[in-house]
Amino acid sequence: MNFELKPMGLVVASTEKCDALVILVPADFKAGKDDLSALVAQALKSADLEAKPGKLLALYRPVQANAARVVLAGIGSGSARDVRTAVLAAVASVKSPSLKKLMICFATPAREEAVRAVVTATADATYTYTHTKSKPEGRTLSKVVVATTNATEVQASFDRAAGIVIGAELAKEWANRPANHATPTLLAEAAKELAQLPKISCEVLGHKEVAKLGMGAFMAVAQGSDQPLKFVILKYSGAAKSQASTVLVGKGITFDCGGISIKPAPEMDEMKFDMSGAASVLGVFRSLAALKPAINVVGLIPACENLINGAAVKPGDVVTSMSGQTIEILNTDAEGRLVLCDALTYAERFKPTAVVDIATLTGACVIALGGVRSGLFASKDELGAALFAAGEAAQDLCWRMPLDEEYAEGLKTTFADVANVGGRAGGAITAAKFLHRFTEKFPWAHLDIAGTAWKSGAAKGGTGRPVGLLVEYLMTQANSK
Ligand code: BES
Ligand code: MN
Ligand code: ZN
């Protein structure tokens with residue numbers, strides 16, 4: 001799907017050839033002298049159209065426009081949230097197999113955040129999963145033209161949003177694929193494919209290399225599965241070699257049954273999404289290839305299944321992590337932190353400016369923040385503030401959580417340096433405190449995306465989050481250098 005921004009108002013937009021035209025109408029809309037805006041004003045005046053977000057009025061072959069289908073969509077205040085609501089509803093209302101070219105026109109000059117919302121909401125409303133369907137009915141929409149009179153003013157925001165969409169859709173795609181179609185090996189192959197793009201390289205380590213590195217925590221999780229583990233190292237080189245990298249670490253559990261501490265059956269299928277952190281790292285690299293910022297980024301993905309065979313790790317087993325710290329595995333379902341801690345230690349070798357890990361880490365984070373904001377933990381306030389701000393700008397929200405030392409109390413054990421669980425209370429925070437132990441050598445942040453990486457229920461599927469937040473953060477880093 002291709003996005004294009006055109007400098008035009010209602011009158012010109014209505015003469016363009018397209019399958020459907022969506023007109024975004026704010027609450028403070030004032031009609032110009034042309035017929036089409038007079039029609040919009042009339043619809044508002046008669047209350048047949050409300051300017052509230054989500055309210056639509058569909059027209060068929062109006063004489064004032066070239067398109068057969070025209071939808072007037074209220075965007076209320078014109079904020080990102082209102083525009084998103086409006087565009088999701090409007091695009092859903094015109095979605096059909098014959099929809100190939102769509103025009104979305106702002107009736108009044110667009111704000112930057114509104115333009116971004118149009119792009120991301122249009123993508124979200126039209127993404128279709130087909131990978132494991134015998135008769136795939138994919139997305140037919142191939143061209144989206146966004147029209148606003150002040151196009152030059154909002155061009156940069158538009159381009160960034162379009163770049164983010166490419167990556168977010170890759171992340172959705174991999175998150176959605178069933179675990180037997182998204183094994184650690186297949187995930188590693190997807191990473192290798194990204195290395196076909198300019199400035200990206202990829203290396204994949206297997207059991208032998210990982211054993212040599214001493215990644216005992218990662219191997220302990222992988223040993224319960226017949227699928228071989230993979231450790232993926234992606235590099236995006238957009239700046240001089242001398243410039244330090246930002247490292248992203250994505251949890252790549254391609255299926256999490258809990259191991260011996262097995263999960264209950266209901267909704268266990270959703271644990272195919274447990275590699276959403278890894279998928280977001282793949283997505284970020286896809287976006288970087290499109291946006292080409294002048295920075296260096298490393299992506300690390302420890303990928304394996306958390307399953308149960310005769311060799312599976314058992315509650316009470318003690319393993320030695322790459323850092324040398326010993327870990328008592330009291331609950332085999334707290335596996336994410338085990339694969340991440342070794343990847344975090346591996347990250348030290350890059351002497352990074354910052355390390356951000358992304359993980360569907362805890363059910364407790366879903367309880368704390370639901371599906372609206374990802375949990376954000378940061379060892380340095382500056383890094384925490386930058387990530388928070390990036391989330392706001394990209395409309396991919398997160399919320400700062402604490403890292404007080406008292407939260408680590410429950411991780412103490414007689415039988416090792418640390419236990420992998422610390423009781424139910426504050427579960428998202430104790431998980432973060434566990435990771436914190438492995439991040440002394442660099443500024444570190446952790447995004448718990450257990451609630452935000454996918455949606456349950458009828459519209460079950462990956463959301464592509466937090467690709468927007470991460471790309472926004474990296475683009476800001478590039479611009480501040
Ligand atoms: N992948 C899960 C976290 C999760 C749970 C994500 C529900 C999305 C929805 C993780 O590996 C896990 O099982 N965490 C345990 C930790 C517990 C044993 C301390 C959890 O949250 O229950
Ligand atoms: Mn688990
Ligand atoms: Zn998990």
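In this predicted model, the protein contains 14 helices and 20 strands, where helices (H or I, at least four residues) and strands (E, at least two) are DSSP runs numbered from the N terminus. The radius of gyration, taken over C-alpha atoms, is 24 Å, close to the 23 Å that the globule rule gives for 481 residues, so the protein is as compact as a globular protein of that length; the rule itself is 2.2 Å times the number of residues to the power 0.38. Along the principal axes, the C-alpha atoms fill a box of roughly 80 × 50 × 40 Å.

Residues are numbered from 1 along each chain as its sequence is written, chains are lettered from A and ligands numbered from 1 in the order in which they are written, and side-chain values use heavy atoms, with hydrogens and water left out. As the model is a predicted one, local features need pLDDT of at least 70 and side-chain atom pairs count only at pLDDT 80 or more, whereas totals for chains, interfaces and linings use all residues.

Of the 481 residues in the protein, 57% are buried, a class defined by under 20% relative accessible area, with exposed meaning over 50% and partly exposed in between (1.4 Å probe, protein chains only). Among the contacts (heavy atoms within 4.5 Å) with a separation of 6 or more, 77% are made by residues 24 or more positions apart. The protein exposes about 19600 Å², of which carbon and sulfur atoms supply 53%; accessible areas come from the Shrake-Rupley method with a 1.4 Å probe, and for residues only the protein chains shown count as cover. The mean positions of the 51 positive and 47 negative charges are 5 Å apart, with Lys and Arg counted as positive, Asp and Glu as negative, and His and the chain ends not counted. The place of each charge is taken as NZ of Lys, CZ of Arg, CG of Asp or CD of Glu.

Strand pairing, which requires that DSSP find at least two bridges between two strands, was examined for several strands. Strand β5 (residues 101–106) is mostly covered, five of its six residues being buried. On pairing with strand β2 (residues 20–25), β5 runs in the parallel sense over five bridges, and V22 has I104 of β5 as its bridge partner. Strand β6 (residues 143–148) likewise pairs with β5 in the parallel sense over five bridges, and here the bridge partner of I104 is V146. In strand β10 (residues 252–256), five of the five residues are buried, so this strand is largely enclosed by the rest of the structure. Four bridges join β10 in parallel to strand β11 (residues 296–306), and I253 stands opposite C304 in β11.

An open sheet of three strands has the order β12-β13-β17 with mixed pairing. Its edge strands, each pairing on one side only, are β12 (317–320) and β17 (418–419). Strand β13 (residues 326–329) pairs with β17 in the parallel sense over two bridges, and E328 stands opposite A419 in β17.

Backbone geometry was considered next. Most residues other than glycine have a negative phi, and most peptide bonds are trans. The bond joining R465 and P466 is a cis peptide bond, with omega about 0 degrees, and P466 is found in the loop between β20 (461–462) and α14 (467–479). A positive phi of about 70 degrees occurs at K199, although K199 is not a glycine; this lysine lies in the loop between α6 (184–194) and β7 (200–205) and counts as partly exposed at 44% relative accessibility. K351, also a residue other than glycine, has a positive phi near 40 degrees. K351 lies in the loop between α10 (336–347) and β14 (354–359) and is exposed, with a relative accessible area of 68%.

Two further residues illustrate separations in sequence and in space. K455, in strand β19 (residues 454–455), is partly exposed, with a relative accessible area of 48%. K455 and G371 are 84 residues apart in sequence and 7.7 Å apart in space, C-alpha to C-alpha. With neighbours within four places in sequence left aside, K455 is in contact with K460, G461 and T463. D28, found in the loop between β2 and α2 (35–45), is exposed, with a relative accessible area of 54%. The C-alpha atoms of D28 and I329 are 59 Å apart in space, the two residues being 301 residues apart in sequence.
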